[in-house]
Amino acid sequence: MVLKAFFPTCCASADSGLLIGRWVPEQSSAVVLAVVHFPFIPIQVKELLAQVQQASQVGVAVLGTWCHRRQEPEESLGHFLEGLGAIFSHEPWLQLCRERDSKFWSCKATYQQVPTSPGAHSEDQVMLIFYDQRKVLLSQLHPPAALPDHQAGDATASACGLAAVFDTVSRSKALFRSDQFDEGLVRLSHWQSEGVEASILVELAKQASGPVCLLLACLLSFISAASTCRVFKLWPLSFIWSKLSTCEQLRHRLEQLTLIFSTQKAENPSQLMRKANMLVSVLLDVALGLALLSWLHRKDRIGQLADALVPVADRVAEELQHLLQWLMGAPAGLKMNRALDQVLGRFFLYHIHLWISYIHLMSPFIERILWHVGLSACLGLTVALSILSDIIALLTFHIYCFYVYGARLYCLKICGLSSLWRLFRGKKWNVLRQRVDSCSYDLDQLFIGTLLFTVLVFLLPTTALYYLVFTLLRLLVVTVQGLIHLLVDLINSLPLYALGLRLCRPYRLAAGVKFRVLEHEAGRPLRLLMQINPLPYNRVVHTYRLPSCGCHPKHSWGSLCRKLFFGELIYPWRQRGDKQD
């Protein structure tokens, strides 16, 4: 039988000693974690193993011996290595040896007890697989497959494949805490993180973050309780809060901050990664908002923007007046219904005059409003963009009113024509059963239906033209708002921390492993190098993508065309789970 021995590359030049690790019987694998050097006392090694097992809940044991022949070994050392199998009994007993001034290794696994089955061998072949202990310790196979907790001394593993190797190394952090140059009772060789001062600073930051997170969590809970007050649930306020993008973004950001500053510890690496992604997203959002704020307040750009806003609004209103005057004539040579055309044109022109009067009435306060809007950018760029979307909705409210008037009138005529068309075919719409049933009509009903059908057919082109023009204007405004909200959702949901790990530390997000052959000669053990395959960028974004506020539905092209053809209103602010009209 061939046994797989996972050996850390950091121990390839270690002095001779004992191999400490974990035996995985399901995979016929031995995971070497460290090397205990001579001299040592066996009872001290057993105490160390008991401490590691209690702290990590991993069945760590002495797997065998390690011999590094930098020079010819003494005869006493050879006898001592052979006698260690009786003190630390383990089946099988690994014996790894590296030749002096050579790249060749010798690996074998022996059994202390003689096999009882006929034809069985007392020695197995060993396949030596080198792995980077640091990368395996800091990474995990994806998706994360954590092994269940085991009692101390339990060597069974329920994970399949190489997840047992990754989990064994990651859960054995208690073994790696001791200093490599510490002259203690037991001297070990394994991977050690560099920079003790950095570790001290990290520990101090952890100790200081506890009270700060507790204070911020209490403050955020107070804000959440205030936002759920019954005063804000009254009809006008609740309606406004549910329609404004700024309120949705503030509510979403409040939930993120509550999760970030929560004193509850992350239960698994996925929750920790989610917290880190949220923290980086909030920090980037605030940094971009402060940059926008400094740009707006430099060279009095807010005043320049306020001075240019009223002329732009007048220019838009003037263009709408020219458009309505063009529609009230003979647009593109089309012959319209004169009476209906004049009524609709004057009705919309009256709304434009009202809107111009409102803009000029608000012009003295525009600069102060823009100053407060720019000041809100310190809460984040997404808040400023949400406020910009709401301002666009308010400035184009007259276009929305034109669209609603035209869509309702067009929808009314389409519904009337469809009902009268069913009348000609001897059908009617059954409201209770929600289906079309047969029905018999008398002569007067057919005559009145014919008159109404003729009137609606001849008035439909005029109504359809106004509906088409104002629908295109409404779609233009919705497209601009959609681009703004796409940018907001991108900032909210992009996993920046995970992408940074993938760029700078690709082994932290492991999609699997690959093996490279180091030595394959007859009579020599096969030696492989295990390397980590990083997770692709598209899978990183798909896996660690953060949930966005989701205040805008995603219409399919088919449903959108259907709504536009039948004159149904398109509400970009509707929640995804709300019932549509």
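Predicted model: local features only at pLDDT ≥ 70, side-chain atom pairs only at ≥ 80, totals over all residues.

Trainee: Which residues of α8 and α15 meet?

Mentor: On the α8 side they are Met273, Ala276, Asn277, Val280, Ser281 and Leu284. On the α15 side they are Leu496, Tyr497, Ala498 and Leu501. These contact residues divide into 8 nonpolar, 2 polar and no charged.

Trainee: At what angle do the axes of α8 and α15 cross?

Mentor: At roughly 105°, and the axes come within 7 Å. Here α8 spans residues 269-297 and α15 spans residues 496-504. Angles of 65 to 115 degrees count as roughly perpendicular. The two helices α8 and α15 are therefore roughly perpendicular to each other.

Trainee: Which residues does the record mark as "transmembrane region"?

Mentor: The unreviewed UniProt entry gives that annotation to residues 278-296, 343-361, 373-396, 445-469 and 475-499. Residues 445-469 are 100% helix and 0% strand, with end C-alpha atoms 35 Å apart. Residues 373-396 are 75% helix and 0% strand, and their end C-alpha atoms are 18 Å apart.

Trainee: Is Thr463 buried or exposed?

Mentor: Buried means under 20% relative accessible area. Thr463 has 1% relative accessibility, so it counts as buried. Thr463 sits in helix α14, residues 443-493. Beyond its neighbours within four places in sequence, Thr463 is in contact with Leu340, Leu409, Tyr410 and Lys413.

Trainee: Now nonpolar cores. Which residues touch the most other members of the largest one?

Mentor: General idea: in soluble globular proteins, nonpolar side chains tend to be buried together. The largest nonpolar core here has 38 residues. Val31, Leu33, Val36, Val45, Tyr131 and Val169 touch the most other members. Elements that each supply at least two residues of this core include β3 (29-37), α1 (42-56), β7 (123-131) and β11 (510-519). A second, separate core has 24 residues, among them Leu327, Leu340, Val488 and Ile491.

Trainee: What is Val31 in contact with?

Mentor: Leave aside neighbours within four places in sequence. Then the contacts of Val31 include Phe6, Ile20, Leu63, Tyr131, Val165 and Val169.

Trainee: How many helices and strands does the protein chain have?

Mentor: The chain comes to 17 helices and 12 strands. Buried residues make up 40% of its 581 residues. Among contacts with a separation of 6 or more, 71% join residues 24 or more positions apart.

Key. Residues numbered from 1 in each chain as written. Heavy atoms only, no water. Axes fitted to C-alpha atoms, helices over the stretch in contact; angles between N-to-C directions. Helix = DSSP H or I, 4+ residues; strand = E, 2+ residues; numbered from the N terminus. Parallel < 35°, antiparallel > 145°, perpendicular 65-115°, else oblique. Contact = heavy atoms within 4.5 Å. Nonpolar A, V, L, I, M, F, W, Y, C, P; charged D, E, K, R; others polar. UniProt positions renumbered as here; feature names shortened; annotations may be inferred. Core = buried A, V, L, I, M, F, W, Y, C linked by side-chain atoms within 4.5 Å. Buried < 20%, exposed > 50% of the residue type's maximum accessible area, 1.4 Å probe, protein only.
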